[in-house]
Amino acid sequence: MTDQPLDPVDAGAITTPAARLASYIRGGGIVVPLLTALIAFVIAGLIVLITGHNPLTTYKAFFDGTGLNWLFPWTSGDDRTTAALNLQQTLIATAPLILVGLAVAFAFRAGLFNIGGQGQYLAGSIVAVWFGSKFSGMPHLLHVLLVIVLACAAGAAWAGIAGVLKATVGANEVISTIMLNWIAVWVGVWLFGLGGPLQNPETPSVPISSDVTGSAKLPVFWGNPNLQGLHVGLFIALATVVVFWALLNRSTSGYEVRAVGFNPEAARYSGMNVARNYVKVMAICGLFAGLAGAIDILGWQFRLATNDIQTSDIGFLGIAVALLGRNTASGTVAAALLFGALKSGTSQRNLDPSIFEPSLAFNLTLMIQGLVVLIVSTDVIALRILRRGGALNPFRRRPAPAEEEAT
Amino acid sequence: MTLTRERIGWAGIALAVIAAFIAVPPALVRSPVPSIVLAVLAIALGIYAVPGDRRLGWGAIVLGLLAGLGAVAATKSSSGNLRDVFTWSALIASMLRFATPLLFAALGGIVSERSGVINIGLEGMMLMGAFFGVYGSDLLGSWVGGIVVAVIAGGALALIHAAFSIHLRADQVVSGTAVNFLALGITGYVFVDHYGDNGTPDNISRAPDLNLPVLHGGFFDSAIGHLNLLTWSALLLVPSLTFLMFRTRRGLRLRAVGETPRAAETVGVNVISTRYVAVTVSGMLAALGGAYLSVGFVGSFNENMTQGRGFIALAAVIFGKWKPLGALAATLLFGFSSALADRLPTFSESTATLFQALPYVLTLVAVAGVIGRSRAPGSIGIPYVKE
Amino acid sequence: MTTDPAALELRGITKRFGAVVANDGVDFDLRRGEVHALLGENGAGKSTLMSILYGLYTPTEGEIRVDGEPVQIDSPADAIALGIGMVHQHFMLVPVMTVTENIVLGNEPSRAAGVLDLKEAADRVRELSDRYGLAVNPDAVIEDTTVGMQQRVEILRALYRGAKILVLDEPTAVLTAQEVAELFRVLRALKEAGTSIVFISHKLGEVLDIADRITVLRRGKRIDTVPKAGATEESLARMMVGRDVLLRVDKPAGRPSEPVLSVRDLHVRDDRGLEAVRGLDLQVRAGEIVALAGVDGNGQQELVDAIAGLRDPESGSVAVGGVEIAGRGVRAATDAGVAHIAEDRHRRGLVLPFTLAENLALREYRSPELSTRGWLHVRAIRDRARRLLKEYDVRGGDADSLASSLSGGNQQKVCVAREIEADPKLLIAHQPTRGLDVGAIEFVHRRLIAERDESRAILLVSLESEEVRALADRILVIYEGRIAGELAPDASDEELGILMTGGGSRTAA
């Protein structure tokens, strides 16, 4: 329409999810996530109330379960010991959440929706448990490094499949990553199931992997290693956050990623290769998620049962983490802490069942996640027309000389 | 008949299918050689067909590979095992049972997506139907009541998705994902709160099977003589929905809204209300699928009972190119692979597990455009902005 | 006839979009059974006016009367109910549906329970088609039909709903000469049958052919309404293009030297697969500004895309400084020395959520000055930005401000700064002053001339004839994908207008 005036509203109408989120971050952005979390908790509290429980005591019980009260100087004695144990659990849960959150956040910054965190995490877990249970004679540091590198590579490769599909044939990454999630689950169940190639040969009737050898386990720095103490995976996760930030804000790759995420048209006009960026981004996201799998396996799980594979949902929690954290480094850490605390605070181990049943609490957590993501969804107005490839938008192509007419 | 590359591609596919089928009952050729030869031929024809019609060519190559591998595996196992697994009548019945929930949800997905709204939340809506079907049946004492409650629950969840996607112009994928979480949480919560450790009662009223005595036993009786009422409903829904979508006014307008909403608005069709209705209906249909699982088939509810079936249904929508008949074909295919996976444990536990991944692999291939270009409704995923 | 109320009357229509006034007190009336042309350049307000008529916008001020009665048109449904039918420039058809389905959509003949009666629909379509001589294939799928047929479908759709007033927005823009003749025949038949027609166009020859009366709009205002008798292409062009008050920068004579850009027999397709550039030749030398004048939609976008490396041409050659760059992508073009001030600074020129420093680095971020092996020299980027912001007098923000916080003029300065800083051999300036205020326009003009004097080759693509005449050393007029002619900057308005609108040597119909 040649007569359309150029006015600010027009520019707003074409912003990308990353762009809109950016304006939130700048505009006193911490208020909105806090508000979002608050609203979600209030609504959940209402549900608790309606179903005949006391939301205040319930939330207090959750809080006690998180161990965050350890931070308060007035907690002492037995309470303090319990709190310490709980806090260790919280932080153990937080570390991988940070990483899967980064896996989703990085993609969002590039304008992509990575729902495949679960599959990428599994890819990392599988490779970690596989190589962690071999080479038991290896020197500690070397073994750990080897396993981590391989797990990251596995995650990157798994995500890379979706990236390549998007870059070459324009396959929608939402669908392809969802499919890859489930493929990873079933491949995992197959690998460690009865008669599967990686099943623990010592327990032929149990569908479980071999155990990770001592030489690959991550050292514990707080708490008792035999009682699932807090392992150095937390530091690995935090270090990765720094890498995420540096990559995004200080490297040319990150510059390209952000440009493409904010305005693929302008990025193209500057000569950036948008398609290649998508592959790079997905691979990096997969790396983060695979790393999460590795630190869980090497840090506290030490083995993978088919049941674990089928019930794991950390990848999806990562979506809530990233969205609540507005896809930034610090936001992801904070949101991961929140959800990690929620997860451990409502776990069988930490929650006092006389106040609130842990299995109920687990479902309440799911609802809170859902509410958070729902509220955030309105921020993420996606005009994905700029990033649709062939499968969903047949008109979006640069005509080239000898292109065959695709039907 | 001219030998175009396209025809050769089809020939390749046909050969691959034959290669697979001769290794299993009733043909039961025990040597892998014929199958391998046919499979290799299929692949060769596929390679030749690629420059002419990329999707057919690649389809033949992929199918040839799968058929060859499958045939080799089949010949390695005993005939007894094969006969156990490939009891076709039982397989067909099983296939239809597995396909039913998928079909309901897929049909729902088609309605929603045809109006231009992506519905990732099919899984959640299905789950709502599964739980509230049992809940309703228990509370109201009849399976009909259960179905009604299930449909209402699914519709309500869909309404949330609709409100956020259409009115608040939220990202439809995020909103759908959120709705899945919500459904998991709500159904799990009410389930634990209401039924506690004992789970749902054993004697809830279930949807009846439709027994067809006219078939007098035999192959057809085992295959389709004892299917659930809901299964038949789903099958009947296919031609009904096809008719509704392509031969009625409402259907025409629905499709116009999904393709080019601005054009529809220009002639006075209300895009917003059409989409609202479509999404709500899709939730109700998905809920029916879930209700079948609990009230029609298993007779109880377990947390996260749907296990990702909603996503398979989404895959069926894409695979079936947004047409009810296509979705039927896709769900039957997926149902078949599940049915096979179900029977394979007698043969090999772990292969059965791998088969579970097949629907997702097939969809991945479809999305990659290798098997048929997936042409979604033109305006899908884009929130509609009235000027 | 003069005692009958006009079929349609628009009185004092004003439409504002924020600060922009798209229509300013426009009066327009349409008599029954007449073809009334609405003429004007881009941005004159033609499409806005008609969108108001069709209920897609509401007027800020003014009144609409149909058959003498004042009416409120709040939506297309209202317009349709009043008998107003619109044939849009960009067709509002559903590509995957058939001709019949598109025509009857929203008003479908049906049997019981809402079942479509497609046979009845097809019959009615055929009947209408025969009555007005609009040949269509009722069962064809729209995306497989020609543009000419699609337009006929649009017209039929309006007629199917009983339109007595038909508005056609640039209907001949996408038609061949043959199809134009067909269309005019149909329009005359409709006229006979009592339909009143508004014909929006910028093509003078056609307007003189078909219209009974002609109204000219310029910059949102109605200039005049004249009957066909006595109107000439020259008189219309003068009204359309006009002469507005605008600062004219002093321009010393240029000293062009060797050719930098050489385009030969270029053929480029647009997004729809149609040929937009049809065998175009042009040359730009160092030290000269060549302005490409023409009405929007004649291939400028595709030409610029091809030169900048954003689009692969079908055939032909684009060479910069002797290096062939056609079809080799943006980086190849940049390396050969092409810089491109994009037409739409919001969508293409800038990344609005980026800081000014980041935006200024968009072209050069991989250079050794600004990054090493993948790590950005943040300080160097910022220092560079500070320098450029000062040099180009960008106001409203510093290196760390977001691009979105600047005014349009300053945003454009940032784009200009970035491109010139890349030290290009060829600078493409595509609508560089669109939406800018007078001060910013003057700045950009001054800068372009200065760069010309630095021996750069500058290709200016502009829809503003004033700007073209102010800056150009040579003017090339583009029309329907080819160069229609070359003019000196002191060419008259009439000469320019005629070439731009396909007049002169071309005969309509």
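This is a predicted model: local features need pLDDT of at least 70, side-chain atom pairs count only at pLDDT 80 or more; totals for chains, interfaces and linings use all residues.
Figure 1. When its neighbours within four places in sequence are left aside, C:Ile103 is in contact with C:Val125, C:Val153, C:Leu156, C:Arg157 and C:Tyr160. A residue from another part of the chain gives a contrast in distance: C:Gly254 is 151 residues away from C:Ile103 in sequence, and the two C-alpha atoms lie 57 Å apart in space.

**Figure 2. C:Thr58 in a loop of chain C.** The loop between α1 (46–53) and β4 (61–66) of chain C holds C:Thr58. Is this residue buried, exposed or partly exposed? With 13 other C-beta atoms within 10 Å, C:Thr58 is partly exposed, since that class lies between the limit of 12 or fewer for exposed residues and the limit of 20 or more for buried ones. From C:Thr58 to C:Asp271 the separation is 213 residues in sequence, and their C-alpha atoms are 31 Å apart in space.

**Figure 3. Two loop residues of chain C with a positive phi.** Most residues other than glycine have a negative phi, and this view shows two exceptions. C:Glu170 has a phi near 45° and is found in the loop between β7 (165–169) and α6 (177–192) of chain C. C:Arg373 also has a phi near 45°, and its place is in the loop between β17 (371–372) and β18 (375–376) of chain C. Which of the two classes, buried or exposed, applies to C:Glu170? C:Glu170 counts as buried, because 20 C-beta neighbours lie inside 10 Å, whereas C:Arg373 is exposed, with 7 other C-beta atoms within 10 Å.

**Figure 4. Packing of helices α5 and α12 in chain A.** Chain A has 16 helices and two strands, and this view takes up helix α5 (residues 77–109) and helix α12 (residues 274–301). Their axes come within 7 Å and cross at roughly 170°, and α5(A) and α12(A) are therefore roughly antiparallel to each other, as an angle over 145 degrees is required for that description. On the side of α5(A), the residues that meet α12(A) include A:Ile92, A:Leu99, A:Ala103 and A:Phe106, and on the side of α12(A) they include A:Val281, A:Cys285, A:Phe288 and A:Trp300. Sorted by class, the contact of α5(A) with α12(A) has 19 nonpolar, one polar and one charged residues.

**Figure 5. A:Phe106 and the nonpolar cores.** The largest nonpolar core has 418 residues, and among those with the most contacts inside it are A:Phe106, A:Phe288, B:Ala287 and C:Leu460. Leaving aside its neighbours within four places in sequence, A:Phe106 is in contact with A:Phe244, A:Val281, A:Ile284, A:Cys285 and A:Phe288. Apart from this core lies another one, of 22 residues, which includes B:Ile8, B:Leu45, B:Ala60 and B:Ile61.

**Figure 6. Helix α14 of chain A and the residue that follows.** Eleven of the eleven residues of helix α14 (residues 314–324) of chain A are buried, so the helix is largely enclosed by the rest of the structure. Among these buried residues are A:Ile314, A:Phe316, A:Gly318, A:Val321 and A:Leu324. Just after α14(A), A:Arg326 takes a positive phi of about 55°. For chain A as a whole, buried residues make up 61% of the 407 residues.

**Figure 7. Helices α10 and α11 of chain B.** Helix α10 (residues 229–247) and helix α11 (residues 249–259) of chain B pack at an angle of about 75°, with their axes 5 Å apart. That angle makes α10(B) roughly perpendicular to α11(B). In this contact B:Leu244, B:Met245, B:Phe246 and B:Arg247 in α10(B) meet B:Arg250, B:Gly251, B:Leu254 and B:Arg255 in α11(B). By class, the contact has four nonpolar, one polar and three charged residues.

**Figure 8. The two assigned domains of chain B.** The domain assignment of chain B gives domain 1 (5–83) and domain 2 (87–370). The C-alpha centres of domain 1 and domain 2 of chain B lie 32 Å apart.

Methods
Residues are numbered from 1 along each chain as its sequence is written. Chains are lettered from A and ligands numbered from 1 in the order in which they are written. Domain bounds come from an automatic or database domain assignment. Axes are lines fitted to C-alpha atoms, for helices over the stretch in contact, and angles run from 0 to 180 degrees between N-to-C directions. Helices (H or I, at least four residues) and strands (E, at least two) are DSSP runs, numbered from the N terminus. Angles under 35 degrees count as roughly parallel, over 145 as roughly antiparallel, 65 to 115 as roughly perpendicular and the rest as oblique. Two residues are in contact if their C-beta atoms, placed from the backbone, lie within 7 Å. Ala, Val, Leu, Ile, Met, Phe, Trp, Tyr, Cys and Pro count as nonpolar, Asp, Glu, Lys and Arg as charged, and the others, Gly among them, as polar. A nonpolar core is a set of buried Ala, Val, Leu, Ile, Met, Phe, Trp, Tyr and Cys residues joined through C-beta atoms within 7 Å.
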